[in-house]
Amino acid sequence: MPEPLTDRVSQASILRGKAERAAGTLPPLLVAAERLASTVALGVHGRRKAGMGETFWQFRRYRAEDPASAIDWRQSAKSQHLFVREREWEAAEAIWFWRDASAGMWFSSDAQIETKVERASLLALALSSLLVRGGERIALLGEGRLPSSGRATLNRIGHSLAEQVSDDVLPPDARMTRNGHFVWLSDFLSPFPEIEKVLRRLASNGLHAHLVHIVDPAEEDFPFTGRTRFETVDGRMKEIFGRAESVRGEYRARFKAHSDSISDLARRLGFFYLTHRTDHRPELALVALYAALGGPRALLVPG
């Protein structure tokens with residue numbers, strides 16, 4: 001006997017209520033990150049490259065150094081050229097994240113702009129979502145967990161990023177998998193010698209580092225004029241300038257010199273460096289960062 005319509009409607013309402021309650025337990029950060037990742041995923045291909053594996057990737061033209069056994073005769077018979085069947089290398093790697101959550105990262109110069117820590121968290125989690133979709137193993141540095149993949153890992157990292165507040169400005173000297181990747185998101189306002197020490201340690205440990213320099217627009221532009229009081233987020237340091245515009249040139253020069261020093265050192269060590277302002281679209285930074293992790297294997301579509 002068919003189930004009464006009222007019963008089906010009632011069951012649908014119960015199911016919808018359960019789904020809404022389940023979604024309500026997710027931090028808004030995770031929801032936003034998943035939405036961002038889904039947008040970017042439409043414009044990039046997965047992280048993969050040719051190598052020893054079982055999954056077919058593509059055909060390519062035969063080269064002189066290829067063994068004759070590598071030729072795919074069926075595909076070659078369709079044209080005047082010889083073709084080799086390439087298989088995909090399963091390139092799952094350990095990827096570690098460090099998101100600076102120190103006091104200075106909670107700054108925003110405009111109520112309409114995310115704080116630096118909010119933008120860093122969004123990028124970290126959106127990138128994590130893209131990587132998990134590709135089967136990569138990820139972990140937050142300092143959590144005491146080994147890199148893993150899957151939805152449960154992503155949810156755990158999402159909750160950690162949403163709740164974590166730390167006085168640690170620099171990543172700890174924790175053990176990471178050699179030849180793994182390390183994604184460091186910060187405003188990098190620590191003294192340069194301290195940053196240099198960490199970067200050289202990462203290099204000596206055989207890690208591939210990816211630095212995302214999060215910048216509030218006011219930190220770079222210094223738009224202040226007239227009598228202005230500056231103070232740190234924690235209120236411990238304060239300074240008043242009668243004419244703030246009088247120091248704009250010197251400030252900008254020092255800010256740029258500090259950023260350039262970090263960028264130059266990162267590139268000398270073979271690391272990726274990206275500056276991202278919180279008043280710019282996060283999609284642009286996410287695509288660039290994902291491409292850096294995937295190298296030439298990621299195909300970018302401008303957005």
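Predicted model: local features only at pLDDT ≥ 70, side-chain atom pairs only at ≥ 80, totals over all residues.

Trainee: What does α2 reach from its first C-alpha to its last?

Mentor: α2 has 14 residues. At 1.5 Å a residue, the expected value is 20 Å. The model comes close to that, with a reach of 20 Å.

Trainee: Why do the buried residues of α2 lie on the same side?

Mentor: The buried set is Leu29, Leu30, Ala33, Glu34, Leu36, Ala37 and Val40. They lie on the same side of α2 because they cover an arc of only 165° around the axis.

Trainee: Now arginine 99. How far away is the nearest side chain of opposite charge?

Mentor: Arginine 99 sits in strand β3 (residues 94-99). It is buried, yet has no salt bridge. A salt bridge needs the charged atoms within 4 Å. The nearest opposite charge is on aspartate 100, at 6.8 Å.

Trainee: Which side chain joins that of arginine 99 in a polar contact?

Mentor: Beyond four places in sequence, arginine 99 is in contact with Val117, Ala120, Ser121, Leu161, Gln164 and Leu185. Its side chain also reaches the backbone oxygen of leucine 161 at 3.1 Å. The side-chain partner, at 2.4 Å, is serine 121.

Terms used. Residues numbered from 1 in each chain as written. Heavy atoms only, no water. Helix = DSSP H or I, 4+ residues; strand = E, 2+ residues; numbered from the N terminus. Expected span 1.5 Å × (residues − 1). Buried < 20%, exposed > 50% of the residue type's maximum accessible area, 1.4 Å probe, protein only. Arc of directions from axis to C-beta. Lys, Arg positive; Asp, Glu negative; His and termini not counted. Polar contact = N/O pair within 3.5 Å; in protein donor to acceptor, adjacent residues only side chain to side chain. Contact = heavy atoms within 4.5 Å.
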